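Reader: Please show me the model. Then let us go through its salt bridges and one of its helices.

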Amino acid sequence: MFMTNSNDKSGELLGQERRRRWSPEQKLAMVRESLEPGQSVSVVARRNGINANQLFLWRKLYQDGSLSAVSAGEAVVPASELSDALKQIRELQRMLGKKTMEAEILKEAVEIARSRNSEWIQERDLAKRILNGDRQAKLVAIEAFEPFTEISLLGSAIQTTVHEHGIFESRLSIHGSDLIPTEIKSLLKSGKLSTKAIPIGRFNDLHQDYVCSCALRVGRELLAVLPDDLVIVTAMDNVLNGATGHMQELPILSVAFSRSTMDALNPDAIDPSDAMKNFVHNMSFKKTFGFEPVAVLDATRFAVGA
């Protein structure tokens, strides 16, 4: 229990009202005393010669922590300033979160840029190898850019090779006879569906157009990826081998596509089969019989300085 006396020099009498100035320690002692079981604010206030309302105020400050701060020698922040400070803290937290998100975005952008820069360096080095005559580099470029994805979906397998003098050749396993329809279906006036076998001449024409269009597509893709002025494309399909009497996958079209001639064509208007006349090629085709095996073009024939 805290009691004051006339010899206590820690208090100070002020003015005619003889109000005592209490130290933080004395205020805390009275507040704690009023909080003890069996004690009341009015009794403790009267015992210490203070107004009960004053003690109530100190109790509130005590509960808010301000009175403890004064006792510890810390600064007491007014409620208005505390509210403003909390608002500033929340704003700083919001800004910090925004900056953190921006930092993450920038970090991701840097990683993407580094990845793309690495890819660019690899592509640049690959291009230098190709220009320096590295034959293997051409194969790596074709594998990396995958220009034949759509054709492969049609069932045409593609193999590539680079000959000794740097001439690039691609061989396609067409299997066009498996893709060309063998029947013509039409709806009769009676509402019935009519199915007839497609005429052999029509079937062979479609087969030829398909083979030539695949060869043109591969030639265009190769010239788009490689810096070469000429590439050879050879189409393979199952045809009758006259020497054995059996069906066998053999060359049916071998064509040398030159860049200058390819660039001069209008791909949207040409007939694929007729377009072969613009290039050096080997093809034996009869409308009534279809394709016959042909010899593959000799790459050394087109080698510069050969």
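Reader: How many salt bridges does a search of the whole structure find?

Author: This is a predicted model: local features need pLDDT of at least 70, side-chain atom pairs count only at pLDDT 80 or more, and totals for chains, interfaces and linings use all residues. Residues are numbered from 1 along each chain as its sequence is written, and side-chain values use heavy atoms, with hydrogens and water left out. A salt bridge is a side-chain nitrogen of Lys or Arg within 4 Å of a carboxyl oxygen of Asp or Glu. The search of the whole structure gives seven.

Reader: Which residue meets Glu-33 in a salt bridge?

Author: Helices are DSSP runs (H or I, at least four residues), numbered from the N terminus. Glu-33 lies in helix α1 and its partner in helix α2, 14 residues apart. The N to O distance is 2.5 Å. The partner is Arg-47.

Reader: Is Glu-33 buried or exposed?

Author: Buried means under 20% relative accessible area, exposed over 50%, partly exposed in between (1.4 Å probe, protein chains only). Arg-47, at 27%, is partly exposed. Glu-33 has 2% relative accessibility, so Glu-33 counts as buried.

Reader: Which helices do the buried residues of α2 pack against?

Author: In α2 (residues 41-48), the buried residues are Val-41, Val-44, Ala-45 and Asn-48. They cover an arc of only 100° around the axis (taken from the directions from the helix axis to the C-beta atoms), so they sit on the same side of α2. Contact means heavy atoms within 4.5 Å. The packing partners are α1 (24-34) and α3 (52-64).

Terms used: Helices (H or I, at least four residues) and strands (E, at least two) are DSSP runs, numbered from the N terminus.
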